[in-house]
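Subject: Structure for your review

Hello,

Here is the structure I promised. Please open it first, then read my notes below.

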Amino acid sequence: MTPPPADPRSPDSIVDYKPEVKRVEDDDPDVAGFVALVCSIVGLMIRNRTSLWVGTVFAVESFLNQRASDGGLLGSPAATILFSTLSLIMNYLPEIVAAYSGVKI
């Protein structure tokens, strides 16, 4: 037979609160990198330059806020900057080629 449970209101049943230790590495995922990739992909698909510029700004912000141990699911922030910059170049390339070849778009 088990003994009856102790009264939880008694002073000897009190358990001190110990907050869990949170490391910087366990912080939120790279939201800015995700937004940069989404904006760059959307801007590339629908040829929206505003979305491409927003993606580039978020990519730079992700690069500047990276941690030394940052590997992440989305790859390195440098790859995100490269992708968003190349998306901008691909969007502006027809106008650049047309300006140098003399062809109107």
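Let me start with one residue. Ser40 lies in helix α1, residues 31-46. Helices are DSSP runs of H or I of at least four residues, strands are runs of E of at least two, and both are numbered from the N terminus. Ser40 is buried, at a relative accessible area of 1%. Buried means under 20% relative accessible area, exposed means over 50%, and partly exposed is in between, with a 1.4 Å probe and protein chains only. Leaving aside neighbours within four places in sequence, Ser40 is in contact with Leu52, Gly55, Phe83, Ser84 and Ser87. Contact means heavy atoms within 4.5 Å.

Some ground rules. This is a predicted model, where local features need pLDDT of at least 70 and side-chain atom pairs count only at pLDDT 80 or more, while totals for chains, interfaces and linings use all residues. Residues are numbered from 1 along each chain as its sequence is written, and side-chain values use heavy atoms, with hydrogens and water left out.

Now the whole chain. The protein chain has 3 helices and 0 strands. From the N terminus, the order is α-α-α. Of its 105 residues, 20% are buried. Take the contacts between residues at least 6 apart in sequence: 59% of them join residues at least 24 apart. The chain exposes about 8,400 Å², and carbon and sulfur atoms supply 66% of that. These areas come from the Shrake-Rupley method with a 1.4 Å probe; for residues, only the protein chains shown count as cover.

Next, helix α3. It covers residues 77-101, 25 residues in total. The expected span is 1.5 Å times one less than the number of residues. α3 bends by about 45° at Tyr92, and Pro94 follows within four residues. That bend is the angle between axes fitted to the seven residues ending there and the seven starting there. The buried residues of α3 are Pro77, Thr80, Ser84, Ser87, Leu88, Asn91 and Ala98. Their cover includes α1 and α2, the latter at 49-64. After α3 comes Gly102, with a positive phi near 80°.

Last, a loop residue. Arg47 sits between α1 and α2. Its phi is positive, about 55°, although Arg47 is not a glycine. Is Arg47 buried or partly exposed? Arg47 counts as partly exposed, because its relative accessibility is 49%.

Best regards
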